[in-house]
Amino acid sequence: MEDSLMHRKKRVLIAGALLMSATVISWLAFYVRANALQPEREIHITAKKFEFTPDTITLKKGEPVVLVLSSQDRKHGFNVRAFGIRADVDPGETARIRFTPNKTGKFTFSCDVFCGEGHEDMTGTIVVTE
Amino acid sequence: MGEMDRRGFIKLAGLGGGIVFASSLGLNTLGSVLDYASGYAGKKVEKEFYFVQLSDTHWGFSGPKVNPDAEGTLKKAVQVVNSLEEQPDFIVFTGDLTHTTDNVQVRKDRMAQFKDIAGQLKVPTVHFMAGEHDASLDRGDAYQQFFGKLNYTFDHKGVHFIVLDNVSDPGAIVGESQLNWLKADLQQQKTDARIVVLTHRPLFDLYPDWDWATRDGSAVIDALMPHKNVTVFYGHIHQEHHQMTGHIAHHSAKSLMFPLPAPGSVPKKAPIPWDASAPYKGLGLRNIEADVKQARYDIKELSLNGG
């Protein structure tokens, strides 16, 4: 009789522990999913004499992005002075710039490594919306 | 009678038109007699001299809507300088002597042609410096073959001239090595020395979105700041512009090929088209008269516009 009672109590305890564990695991899974880092949007930009492709990029204020830059011919530069970001863009390599626009508007980006006669025309625009 | 009339620096006859003078910054004109005065720090220095600045000649440029006389403008400028009744002590070319090209041989041909034309100047002393069009694609290799060092100093009648290279690195950088060279040179100068810096790009952030800056220019200015009497003459922006950074004055020169718009005045920088009703408008050269004792430079703009 006592054995049976003990056995029943043990089963209740185990069931309770399992239920609690399941609850904690579910909650943790939910928490992790909810708080996981948003995958940053990657924007690929190609540089070649004397243009960037694309030459207009639309971003959202507060949305983190990664600009992935490559060159098809020679060394170029990529500079967005409004956000204080720049990178050398060497052929055969990839430059990555991670940033989060913190203001809206239209902002010029340009090549800041002299690359020839059309260098000064090598510009583009970042449009940041709300 | 005006200062320039008195001095008769310019012989108007034979230039195919008049020459317009414009004194910049409202600087006072100087005394008219060349004499000697007791200089700063006990030195005996000549009171004044003058030199001519030419800039951004872009030899090899072609664009009839911008300058239909692309092959004649530099020659005309040489003629103007040679016609000055009183010749300057020396001449400086502050960069972009030639228009850029990817073709190495064409680059060298343009430099040779430019050198031939500049060689027609009567003044024997000419100091050259490079612009990005001359030197950025090959880190100054061809330029040095034709014109010598990219950075150097010279002294003239009590003024220490420093030629800085902010173009042979295509990233518009003076660079650590040259910066150390500059600092070592400045250490040899007294704090009240008369110092003139000649360079191509602006050393301050004039308008970086238009490439009108030197990436490490602030380090250069910091190095110059302990010296009380520093003036910078530069080119690159194809127009007259005057700015102070602290006590250091920066003066840009007009081009001898095409003018550019005022900083940020239009959405996209582009040469200002040729005005057939006013040929050579916006182009020009300047003479710079140094009052060594006062550490003052009187700038007179000379136009080629024939009217």
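Modeller: First, a rule. Two strands pair if DSSP finds at least two bridges between them. Keep in mind that this is a predicted model.

Colleague: How do you know that β13(B) and strand β14 of chain B pair?

Modeller: Count the bridges. There are 8 between β13(B) and β14(B), residues 296–303. The rule asks for at least two, so the strands pair. Their sense is antiparallel. As an example, Gly284(B) faces Ser303(B) of β14(B).

Colleague: What do β13(B) and β14(B) form, and what lies between them?

Modeller: A hairpin, with 4 residues between the two strands. In its turn, Ala295(B) has a positive phi of about 55°.

Colleague: Which way do strand β4 of chain B and β13(B) run?

Modeller: Antiparallel, with 6 bridges joining β4(B), residues 48–54, to β13(B). Glu48(B) sits opposite Asp291(B) of β13(B).

Colleague: What makes β7 and β11 of chain B edge strands?

Modeller: Start with their sheet. This open sheet of chain B has 6 strands in the order β7-β8-β9-β10-β12-β11, with mixed pairing. β7(B), residues 152–156, and β11(B), residues 241–245, each pair on one side only. Neighbouring strands in this sheet are turned by 20° against each other on average, direction ignored. One pair in chain B is β10, residues 229–234, with β12, residues 248–252: it is parallel, over 4 bridges. There Tyr234(B) has Ser252(B) as its bridge partner.

Colleague: How do you know that the buried residues of α7(B) line one face of the helix?

Modeller: Take the residues, then the angle. Gly217(B), Val220(B) and Leu224(B) are buried in α7(B), residues 217–224. Viewed down the helix axis, the buried residues of α7(B) fall within an arc of 55°, so they line one face. Their cover includes α6, β9, β10 and β12 of chain B.

Colleague: Which residues have the most contacts inside the largest nonpolar core?

Modeller: Ala77(B) and Val197(B), in a core of 60 residues. Helix α2 of chain B, residues 73–82, gives the most to this core, with 5 residues. Setting aside neighbours within four places in sequence, Ala77(B) touches Leu54(B), Leu256(B), Leu285(B) and Leu304(B). Another core, of 17 residues, lies apart from the largest one; among its members are Ala47(A), Phe78(A), Cys115(A) and Val128(A). In soluble globular proteins, nonpolar side chains tend to be buried together.

Colleague: How do you know that β1(A) and strand β2 of chain A pair?

Modeller: Same rule, 3 bridges against at least two, so β1(A) and β2(A), residues 51–53, pair, in the antiparallel sense. Ala47(A) lies opposite Phe52(A) of β2(A). A hairpin of 2 residues links β1(A) to β2(A). β1(A), residues 41–48, is also joined to β4(A), residues 65–71, by 7 bridges, and these two run parallel. Thr46(A) has Ser70(A) of β4(A) as its bridge partner.

Colleague: How many residues of chain B are in contact with chain A?

Modeller: There are 12, touching 10 residues of chain A. The chain B side has 4 nonpolar, 3 polar and 5 charged residues.

Terms used
Residues are numbered from 1 along each chain as its sequence is written. Chains are lettered from A and ligands numbered from 1 in the order in which they are written. This is a predicted model: local features need pLDDT of at least 70, side-chain atom pairs count only at pLDDT 80 or more; totals for chains, interfaces and linings use all residues. Axes are lines fitted to C-alpha atoms, for helices over the stretch in contact, and angles run from 0 to 180 degrees between N-to-C directions. A nonpolar core is a set of buried Ala, Val, Leu, Ile, Met, Phe, Trp, Tyr and Cys residues joined through C-beta atoms within 7 Å. A residue is buried if 20 or more other C-beta atoms lie within 10 Å of its own, exposed if 12 or fewer, and partly exposed in between; C-beta atoms are placed from the backbone. Two residues are in contact if their C-beta atoms, placed from the backbone, lie within 7 Å. The arc is that of the directions from the helix axis to the C-beta atoms. Ala, Val, Leu, Ile, Met, Phe, Trp, Tyr, Cys and Pro count as nonpolar, Asp, Glu, Lys and Arg as charged, and the others, Gly among them, as polar.
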